[in-house]
Amino acid sequence: MTTRPITLNNKTDQATLPRQQMGRGLPRYPANGALLEQAERLLALSPNRLCGDQAERQSLSFSFEDVELDMRGQRWDEQTLNALHKLAKSTRWRDELDRMIGGERINHSENRAVLHMALRHRESGLPFPEWATEAVDSSLVRMRHFAGAIQSGTYGNADGQPYTDLVLVGIGGSMLGPRLVYEALRPYWQPQLRLHFLENLDPAEFSDRVEVLNPHTTLVMVASKTFTTLETLKNAEALKRWMAAAGLDQEQLNRQFIALTAATGRAIEWGVAEEQVFPMWSWVGGRFSLWSTIGLPLMVALQPGTFEQLLEGAGLMDRHLLDADDQHNLPLHLALADLWNHNYLGAAGRAVVPYSHRLSLLKSYLQQLEMESNGKGVDEQGRSLPHHSAPLVLGGVGTPSQHAFFQLLHQGTHRIAVEILTIGAPESELGDHHAWLNANAQGQIEALMHGSAPSKEDAQSRVEGGQPVTHIRLNALTPSALGQLLALYEHKVFILACLWGINAFDQPGVELGKQLAKARIQPISFKP
């Protein structure tokens, strides 16, 4: 991303600022002083005074298609929101969006375009470069043909048997998105084919996976953008040895390994047949790659048309990002809430709590999407940031989270922003379970916002309230709604990077530990 021409304090421009000395606010922006004053004003208000009349705060709710953001629980008002809109406008994030859609190389550190949105261009209708859309269309046609052949049984193993199991081998961006979507869309699973995931170097995970697999009817998809990822290649090699030990010859092995990668040459060199390689592109980052060939396991393991509905939902949110004005733009408001809570109100992090068992992996997905993208300490010119960037993302699934960390949210000493997500229509009926599930979510929202009635006699049980809360509602957990939700978060990350003046599309900090591990690898010995 291109950092805008803004004035920086010379003292923080050249030297590294210790993290513990970073102040509140965004000192690079002219609106910063006014926003700090707004923060002091609102922090001084009691939660009930700020959030008391919810009818008057209706303008703080925003909706599009299957997604509603109820942001009346945030510690802001229309005056604050107007000031935040002005700050956002001064960053010219929309100009950066136009550059991204146009295929400019806004990932400057890696000199790459950023075109994950082009993966759903047919659904959004946005004007991406023709060279990108043609590559995407060609890839999708091939993916559909391959998935259909496996589902129909016309593409099986070398002996003509249909595959019963599919293993996705990957880690990080090649794993978290597909795994989340597969678990979230369980009602759409193909009954005759089970999808498994292998990511950890821990031998225990490998043993657990192969324990339930038949080596003769298992198809392996190895997902690595560079095809150099240590964990992925180690696990893929272990699967190959396991299959060979079961008697599979080279012809059979060739038939049962697929590569999803931008490094076709390396995959072929490793042993994947050229016709078994499904390319991805350098202009799609790993944590944004769910919509690319990395989604092929989903296209195979979910009912026909499900992956396309996921793309459709994401494309709808892409169009909304571009077309909706600032006052009604969902990704912008989600980004502004993070900025306001983290940089102005001093929130240490954000708890993501979906009241949906199917979305139990959402927190892990968002941890990578947000903290790997925006967990940066310097701007795009390499200058130390005079403010914090990405907040910590924590969380879990409701209602179990209420019996885990909600005590800290209600009575702890940290300010933690909270995102509670609920689903309107239940997947299935079980008495009044779904009604109680959503009632619990609403009860927690009210407690986080308002706290308990003041009581001088019982300080131990007093809950102050005032934790910033966003309530995200989905009408139902359909493929399209899920696509809208995930694209919403992607766009929030992009806008925040523009506001903070950082590059959301590289991750240089990830590499150091890998390099040190290579220098320290040695056989493990055990003392008797």
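Modeller: Helices (H or I, at least four residues) and strands (E, at least two) are DSSP runs, numbered from the N terminus. This is a predicted model: local features need pLDDT of at least 70, side-chain atom pairs count only at pLDDT 80 or more, and totals for chains, interfaces and linings use all residues. Residues are numbered from 1 along each chain as its sequence is written, and side-chain values use heavy atoms, with hydrogens and water left out.

Biologist: Which strand holds Val 67, and is Val 67 buried or exposed?

Modeller: Val 67 belongs to strand 2, residues 67-73. Buried means under 20% relative accessible area, exposed over 50%, partly exposed in between (1.4 Å probe, protein chains only). The relative accessible area of Val 67 is 1%, so Val 67 is buried.

Biologist: How many residues of strand 2 are buried?

Modeller: Strand 2 is mostly covered. Of its seven residues, the number buried is six.

Biologist: Which residues does Val 67 touch?

Modeller: Contact means heavy atoms within 4.5 Å. Residues up to four places away in sequence are not counted. Val 67 then touches Phe 62, Met 317, Leu 330, Ile 472, Arg 473, Leu 474, Gln 484 and Leu 488.

Biologist: What lies between strand 1 and strand 2, and which residue in the turn has a positive phi?

Modeller: Two strands pair if DSSP finds at least two bridges between them. Strand 1 (residues 61-64) pairs with strand 2 over four bridges, in the antiparallel sense. Ser 63 stands opposite Glu 68 here. The two strands form a hairpin with two residues between them, and the positive phi, about 50°, belongs to Glu 65.

Biologist: Which residues of strand 11 are the bridge partners of Asp 70 and Gly 73?

Modeller: Strand 2 and strand 11 (residues 469-474) run antiparallel, joined by five bridges. Asp 70 has His 471 as its bridge partner. For Gly 73, the partner is Val 469.

Biologist: What is the strand order of the six-stranded sheet, and which strands stand at the edges?

Modeller: The sheet is open, with mixed pairing, and its order is 1-2-11-10-8-9. Each edge strand has a single partner strand, so one side is left without a neighbour in the sheet; these are strand 1 and strand 9 (392-395).

Biologist: Which helix packs on this sheet, touching strand 2, strand 10 and strand 11?

Modeller: The helix covers residues 433-450. Axes are lines fitted to C-alpha atoms, for helices over the stretch in contact, and angles run from 0 to 180 degrees between N-to-C directions. The direction makes about 160° with that of strand 10 (416-423), and the helix is helix 18.

Biologist: What is the order of the five-stranded sheet, and why is one side of strand 4 and strand 7 left without a neighbour?

Modeller: The pairing is parallel in this open sheet, and the order is 4-3-5-6-7.

Biologist: Which residue of strand 6 stands opposite Ala 223?

Modeller: Strand 5 (residues 218-223) and strand 6 (residues 257-261) run parallel, joined by four bridges. Opposite Ala 223 stands Leu 260.

Biologist: Which strands does helix 10 touch?

Modeller: Helix 10 (residues 230-245) packs on the sheet, at about 160° to the direction of strand 5. The touched strands are strand 3, strand 4, strand 5 and strand 6.

Biologist: Is Gln 368 buried or exposed?

Modeller: Gln 368 sits in helix 16, residues 362-374. Its contacts include Gly 172, Leu 176 and Arg 287. The relative accessible area is 13%, so Gln 368 is buried.
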